Amino acid sequence: MTTLIVLGAGGDLASRLLLPGLADLLVSHHGEELDLRLVGADRDEHDQGWWTERVRTAAESAGASGPSVDRLVATTRYARTDVAADGDLARLLADAAASDVGPDAGSRSAPARGGGDVVCYFALPPSVTAAACRALDPEQVPAGTRLVLEKPFGHDSASAAELNAVLTRLVPEENVHRVDHFLGKSTVLNILGLRFANRLFEPLWSAAHVERVDVVFDEDLGLAGRAGYYDGAGALADMVQSHLLQLLALIAMDPPATISARDLRDRKAEVLRATRLWDEDDPASCTRRARWTAGRLGGQDVGAYADEPGVDPSRETDTLAEVVLAVDTWRWAGVPFRLRSGKALGRRRKEAVVTFRHVPHLPTGLLGTSSPTRLRIGFGPDDITLELDVNGQDDAFSLERSSLRTELSPGELTAYGQVLLGVLHDDPTLSVRGDTAEHCWRVLEPVVQAWRSGRVPLETYPAGSGGPPGRGLLEDVDAQGCADGAPAPAPGPEASGPGRQDEDPPVS
Ligand code: BG6
């Protein structure tokens with residue numbers, strides 16, 4: 001029996017993502033293996049009926065029903081717990097362990113494994129989570145307990161390291177699950193299959209053949225009532241530092257021998273250790289930050305970010321961030337990795353684009369425009385597209401663009417369902433390892449410093465537009481496919497650096 005404690009049971013994360021993900025998991029084919037009890041905990045006084053109803057509603061929102069969900073709803077219980085109050089959390093952990101492993105459960109030597117595991121999910125603001133963990137003594141954490149934390153893990157590399165030290169004082173690193181739900185998305189996991197189960201890509205997956213890699217996550221959503229969190233984070237911390245760097249790691253890492261937690265996370269850590277800002281001396285040339293102003297989004301008037309309730313305009317929070325990174329390895333030296341994410345944009349665009357170098361010699365006599373081969377991995381819609389030049393339909397000697405596209409199945413589980421499966425199975429493969437969490441901050445620290453000191457101006461863009469005016473760092477690859485006149489590649493890092501957009505000469 002595993003007891004899953006959800007701290008922050010009354011919060012948005014629990015009701016919108018976590019509980020629906022859990023219900024989704026229970027009705028999947030994995031559900032049968034799970035012997036699970038759910039405990040909701042929060043600092044407010046609620047009766048049991050309130051909590052039961054919350055669990056039932058969340059399951060309904062996921063379209064999950066059946067005996068496993070009925071059992072969850074019937075057996076779950078609510079325990080009022082203030083994690084900031086002395087001893088409250090320790091008591092809850094001891095109770096959870098004791099119901100399955102007997103009265104010794106509160107002691108660190110108690111044989112929790114085999115009896116009943118405790119999984120403690122902190123669906124709480126990061127500062128509250130960190131304070132609660134700091135307040136715990138190791139002997140108050142039953143053996144085998146898994147601690148599950150949401151991003152952000154700290155606010156820079158030093159605070160992430162400090163938090164890691166707090167956590168690993170309580171439980172071993174393998175029992176710390178730092179959730180990045182992108183790692184549970186089936187399309188993201190598909191990067192592994194695509195790259196390592198096909199002979200086609202791996203020989204070409206290096207600076208010798210790849211011109212640049214773009215990872216874009218443009219959203220057409222605004223704040224969705226999350227000012228309290230977002231205004232202190234911004235696009236760089238909310239998306240780039242976490243999700244997009246994880247995507248970069250999966251795209252850039254060397255092939256692992258297995259997809260076990262050890263091998264996969266070693267490979268990701270290796271590549272993130274080698275990742276840095278493209279030009280640390282000149283952040284203005286390789287980063288961009290912007291904030292939305294009033295505009296029209298989805299047919300509706302939208303006010304400026306600065307006027308949103310709960311926003312402090314003087315913070316200059318970025319709602320769009322672009323950075324260009326370098327990966328200093330033999331495989332990737334000189335290849336720009338361009339990452340961008342923004343909110344309230346007119347067009348949703350969620351994809352990674354690998355742009356290959358031009359052919360070394362195009363046979364004389366082929367007409368039309370030669371454009372680089374591109375591989376697009378879509379994260380919503382979930383698809384893969386390979387863009388190729390082929391001989392034209394009308395004139396067989398004139399090149400035309402053609403796309404091979406396949407839609408991917410959304411997977412049986414939602415991202416949160418997938419992440420929870422790993423946590424409940426005691427498998428940290430999809431969790432962010434402590435060292436990696438620190439490196440993700442380290443990579444972006446020069447950006448944070450440059451932005452804070454005003455060395456990179458805060459630009460603006462109207463809500464519903466394509467982003468700030470002027471040339472963005474990713475302008476030469478648009479979402480529609482390969483733009484004509486895409487940059488002609490030239491060897492070496494300088495020529496392939498950010499922002500170059502030389503004209504592509506038509507071939508004749
Ligand atoms: C979250 C961010 O982690 O991911 C949000 O905090 C963002 O700001 C979201 O909108 C995007 O993920 P998804 O799965 O909703 O596309």
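1. Helix α9 (residues 234–252) supplies the most residues to the shell around the ligand, namely three. Helices (H or I, at least four residues) and strands (E, at least two) are DSSP runs, numbered from the N terminus.

2. This is a predicted model, in which local features need pLDDT of at least 70, side-chain atom pairs count only at pLDDT 80 or more, and totals for chains, interfaces and linings use all residues. Residues are numbered from 1 along each chain as its sequence is written, and side-chain values use heavy atoms, with hydrogens and water left out.

3. Around the ligand stand K151, H181, F182, K185, F217, E219, R226, D238, M239, H243 and K343, where near means a heavy atom within 4 Å. By class, the shell has six charged, three nonpolar and two polar residues (Ala, Val, Leu, Ile, Met, Phe, Trp, Tyr, Cys and Pro count as nonpolar, Asp, Glu, Lys and Arg as charged, and the others, Gly among them, as polar).

4. The protein buries 75% of the 390 Å² that the ligand exposes when taken alone (Shrake-Rupley method, 1.4 Å probe).

5. Seven strands form an open sheet of mixed pairing, in the order β3-β2-β1-β4-β5-β6-β18; two strands pair if DSSP finds at least two bridges between them. The edge strands β3 (77–80) and β18 (431–432) each have a single partner strand, so one side of each has no neighbour in the sheet.

6. Strands β5 (residues 146–150) and β6 (residues 176–179) pair in the parallel sense over four bridges, and V148 stands opposite H177 in β6.
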